[in-house]
Amino acid sequence: MHSELGYSVKEFTDGRYGGVLLLSVDGAPVHHREIELALRFRDKAITGTATAQPPATGGGGAPTTGPVTGSYNDKPPYDFEVSVPALQLQLNGARNDGNILTGRWKSRTDESQKGLFELNMAEEEESPEKDVQSLVGMGFDAVTAGVAINTHHMSVSEAVEWMSQGCPPVAGGAQGAGGEGGEEDNIRQICEMGFDVEQAKEALKATQNNVSAAINMLCGE
């Protein structure tokens, strides 16, 4: 059935999701609890944090915050499961069109406590990876786009202008993507792409200290 819905959004989206847990005991609604989850979706793994207010009839108290772990399916029916140990909660559900997360929750310590939840996206997280992909979609090289966004912390429009000018040295920063800057700056650029120091040194040595060529070599391109 889900595969026939024609979702306009084809993937889970990083961001903040807010809503309520409808608490019930033995199937009968009792009260609700507000919750917000800041979630990141990477390679079918979910990480983030959850903040829950005290139950509506619990007499007040401070919010509870804790880490979130889980997994998701990036194909129909777009289901997921999330565990929040600090809240002793397990959530199982699916993503509906419009990035609404719905499903059932249960207590990990009391099987009689369970219910339904609905979480709406409150704020989409800014993602450098999406900016890089936007630049690639415009025809720019992925490695150079990554240097612009992740190393020089440029906006998409600034990155377009910088790359269109041939990636000149950035004032107060590292050299251009293909330049031969200082060794420490070049190592730092490569390490910011996820490689370790030794890998960076070996690649730079093999490419005569050319950052772009070194990254391409490490990426197997």
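**The whole chain**

Start with the surface: the chain exposes about 12000 Å², and carbon and sulfur atoms supply 49% of it. Accessible areas here come from the Shrake-Rupley method with a 1.4 Å probe, and for residues only the protein chains shown count as cover.

This is a predicted model, in which local features need pLDDT of at least 70 and side-chain atom pairs count only at pLDDT 80 or more, while totals for chains, interfaces and linings use all residues. Residues are numbered from 1 along each chain as its sequence is written, and side-chain values use heavy atoms, with hydrogens and water left out.

Now colour by secondary structure. The chain has six helices and eight strands. Along the sequence they run β-β-β-β-β-β-β-β-α-α-α-α-α-α. Both are DSSP runs numbered from the N terminus: helices are H or I with at least four residues, strands are E with at least two.

Of the 221 residues in the chain, 36% are buried. Buried means under 20% relative accessible area, exposed over 50%, and partly exposed in between (1.4 Å probe, protein chains only). Among contacts with a separation of 6 or more, 40% join residues 24 or more positions apart. A contact means heavy atoms within 4.5 Å.

**Rings and a charge**

Select Phe12, Phe41, Tyr72, Phe80 and Phe117. Ring pairs link these residues into a cluster. The structure holds five aromatic pairs. Rings of Phe, Tyr and Trp (its six-membered ring) pair if their centres lie within 6.5 Å; planes under 30 degrees apart are stacked, over 60 edge-to-face, and the rest tilted.

Another is Tyr78, at 4.5 Å from its centre. To count, NZ of Lys or CZ of Arg must be within 6 Å of the ring centre and within 35 degrees of the ring normal.

**Along the strands**

Go to Ala45 in strand β3 (residues 45–52). Ala45 is partly exposed, at 34% relative accessible area. Beyond four places in sequence, Ala45 touches Arg40, Gly70, Ser71 and Tyr72. Tyr72 also belongs to the ring cluster.

Next, pick Ser83 in strand β5 (residues 79–84). Ser83 counts as buried at 12% relative accessibility. Its side chain makes a polar contact with the side chain of Arg108 at 2.9 Å. A polar contact is a pair of N or O atoms within 3.5 Å; within protein, one must be able to donate a hydrogen and the other to accept it, and residues adjacent in sequence count only if both atoms are side-chain atoms.

Move to Ser107 in strand β7 (residues 100–107). Ser107 is buried, with a relative accessible area of 12%. Its side chain reaches the backbone nitrogen of Asp110 at 3.0 Å. Beyond four places in sequence, Ser107 contacts Gln88 and Gln113.

Then select Gly115 in strand β8 (residues 113–124). Gly115 is buried, at 11% relative accessible area.

**Last stop: a helix**

Select helix α6 (residues 211–218), where Val211, Ser212, Ala214 and Ile215 are buried. These four are on the same side of α6 because they cover an arc of only 160° around the axis. The arc is that of the directions from the helix axis to the C-beta atoms.
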